[in-house]
Amino acid sequence: MRIMHFTLSKYICGMVASLIIFLAGGWLVLAPFALGYQPYGASWDSQTTNDFATGIPVAVLALVSFAFFFVSLLGALRAAGILVARQRPQAQAPVVTQVPSVPATQQSDLDRTLSTLAAALAADLTARRQAGSNQLNQVSDQPTDQAVNSRRDA
Amino acid sequence: MSVRDAMRRLIPPGSYVLFLFFLTGIWVAISPFVMTTQPSGQHWMASTVNNVVIGTILIVVSLFGILGYLVFALRDLLAEAQARQEIAEHTSPSGE
């Protein structure tokens, strides 16, 4: 038996931290222009370049981190049965075989007719087999008579 | 549960990224002094103040994220272990 205990707090904790860091990364990019220590139109000084080069990866990675925590949250919700995984649509719809619906009275009539027919066929087959075996006996007797006659002639 | 599984539950992939932010925060905070854009012995410039504040925020928030997740995940693991123990005591014939 598998027991699962989970709280949403840990995922929310990670997502909130990621969002704050995303905002911090965005501010790092904007700060040189917002605070005015990067003169407009002048070439970027080393501090501006550093802030820019740090702020953009921080903002992008914060989104990645947020996605990680969000996916973990979805996985935990699915494992707990709160969210149901979407089923993929099947390629072919199941083929429905239509069974001919025959009423019960008709079915029994059909059975009776078939059994009568089968009995008649069986009787006919037996009679034919008997007749065939008689004919074979007659045919098998004929060569012995012919052999006796030829011996007599000799 | 093996140690590997427990560690995986305590430290998710997001926490590794948060640790990168912790290191980035340290760099952002000390970069004005390392790159000597802040002259020593003078009042801090706006860029220095900004970098130190943002760096500190990055350090604190990333640590809050990592440790917060760790604490809550540890609490979940302990609750699971307790529930398993209670079930084992109830189902075992000698358990009273």
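Trainee: At roughly what angle do the axes of α1(A) and helix α2 (residues 46–79) of chain A cross?
Mentor: This is a predicted model: local features need pLDDT of at least 70, side-chain atom pairs count only at pLDDT 80 or more, and totals for chains, interfaces and linings use all residues. Residues are numbered from 1 along each chain as its sequence is written, with chains lettered from A and ligands numbered from 1 in the order in which they are written. Axes are lines fitted to C-alpha atoms, for helices over the stretch in contact, with angles from 0 to 180 degrees between N-to-C directions. The axes of α1(A) and α2(A) come within 7 Å, and the crossing is at roughly 160°.

Trainee: Is α1(A) roughly parallel or roughly antiparallel to α2(A)?
Mentor: The axes cross at roughly 160°. Angles under 35 degrees count as roughly parallel, over 145 as roughly antiparallel, 65 to 115 as roughly perpendicular and the rest as oblique. Therefore α1(A) and α2(A) are roughly antiparallel.

Trainee: How many nonpolar residues does the contact of α1(A) with α2(A) have?
Mentor: Ala, Val, Leu, Ile, Met, Phe, Trp, Tyr, Cys and Pro count as nonpolar, Asp, Glu, Lys and Arg as charged, and the others, Gly among them, as polar. Besides nine polar residues and one charged residue, the contact of α1(A) with α2(A) has a nonpolar count of 20.

Trainee: How are α1(A) and α3(B) directed relative to each other?
Mentor: The axes of α1(A) (residues 9–34) and α3(B) (residues 46–91) come within 8 Å and cross at roughly 165°. The two helices, α1(A) and α3(B), are therefore roughly antiparallel.

Trainee: How many nonpolar residues has the contact of α1(A) with α3(B)?
Mentor: Contact requires C-beta atoms, placed from the backbone, within 7 Å. Residues of α1(A), including I21(A), A24(A) and W27(A), meet residues of α3(B), including L58(B), V61(B) and F72(B). With six polar residues and one charged residue alongside, the nonpolar residues in this contact number 16.

Trainee: Which element gives the largest share of the side of chain B that touches chain A?
Mentor: The contact takes 34 residues from chain B and 29 from chain A. The elements of chain B that give two or more residues to its side are α2 (13–34) and α3. The largest share, 20 residues, comes from α3(B).

Trainee: Leaving aside neighbours within four places in sequence, which residues are in contact with F21(B)?
Mentor: F21(B) is among the core residues that touch the most other members. With that sequence exclusion, the contacts of F21(B) are I21(A), V58(A), L58(B) and S62(B).

Trainee: Is T36(B) buried or exposed?
Mentor: T36(B) is found in the loop between α2 and α3 of chain B, and has a positive phi of about 55° although it is not a glycine. A residue is buried with 20 or more other C-beta atoms within 10 Å of its own, exposed with 12 or fewer, and partly exposed in between. T36(B) has 9 such neighbours, so its class is exposed.

Notes:
Helix = DSSP H or I, 4+ residues; strand = E, 2+ residues; numbered from the N terminus. Contact = placed C-beta atoms within 7 Å. Core = buried A, V, L, I, M, F, W, Y, C linked by C-beta atoms within 7 Å.
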